[in-house]
Amino acid sequence: FVGLNNTAIGVDALRENFDGSGNVALGFEAAYNETGSNRLYIANSRNNNLIVGDFSTGRILLNAGNTPPATLGAALQVNTVNAGDVGFIVRGASGQTANLFEARNNGGGVVARISNAGNTQLSGTLGVSGATTLSSSLDVAGATALSNTLTVANATTLNGATQINNT
């Protein structure tokens, strides 16, 4: 290797990297064709990259496959390998009390959450297209616009000013 500060553990790891620096490659042929800098590879062959990361952006890709992208598109990306695979699972601990998932804005405010019981809360605008089935209850605060067909079955309660047009 000619590059600086590279760590390669495995036969032919970082084999083609002569100028890059700050790379970490773990496994047989990990990062075999990588020529850049500040990358992380965990693989068991040049065509089977389990994890690829970019230290300069802090981004990571799981199930990267045989040709990981030059630029990772998200802070955390999970690729599914098979059509029947679930892409991401959060499994709560026994007696979980905290939210299972939170999305936060840059100020740290929660804009979306899924509670330990599966209740979902979103801030801002929610757009839904296609057929939608709601079970249990739906609470809406603020202006609500419905277009096309609305079908309501069973008991329905509307509080406050209600206007229905073109029925």
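## Strands and hairpins

Strand E8 and strand E9 (residues 120-122) run antiparallel and are joined by 3 bridges. Two strands count as paired if DSSP finds at least two bridges between them. Across this pairing, Ala112 stands opposite Leu122 in E9. The hairpin of E8 and E9 has 5 residues between the strands, and there Gly118 takes a positive phi near 95°.

E8 (residues 110-114) also pairs with strand E7 (residues 101-104), in the antiparallel sense over 4 bridges. Here Phe101 is set opposite Ile114 in E8. In the hairpin of E7 and E8, again with 5 residues between the strands, Gly108 has a positive phi near 95°.

## What kind of model this is

The model is predicted: local features need pLDDT of at least 70, side-chain atom pairs count only at pLDDT 80 or more, and totals for chains, interfaces and linings use all residues. Residues are numbered from 1 along each chain as its sequence is written, and side-chain values use heavy atoms, with hydrogens and water left out.

## Overall build

The chain has 9 strands and 0 helices, where helices (H or I, at least four residues) and strands (E, at least two) are DSSP runs numbered from the N terminus. How far does the C-alpha trace of the chain span along its principal axes? It spans about 75 × 35 × 30 Å.

The radius of gyration of the chain is 24 Å, whereas a compact globule of 167 residues would have one near 15 Å. That radius is taken over C-alpha atoms, and the globule rule is 2.2 Å times the number of residues to the power 0.38.

## A charge over a ring

Which residue lies over the face of Tyr32? Arg46 does, at 3.6 Å from the ring centre. For such a contact, NZ of Lys or CZ of Arg must be within 6 Å of the ring centre and within 35 degrees of the ring normal.
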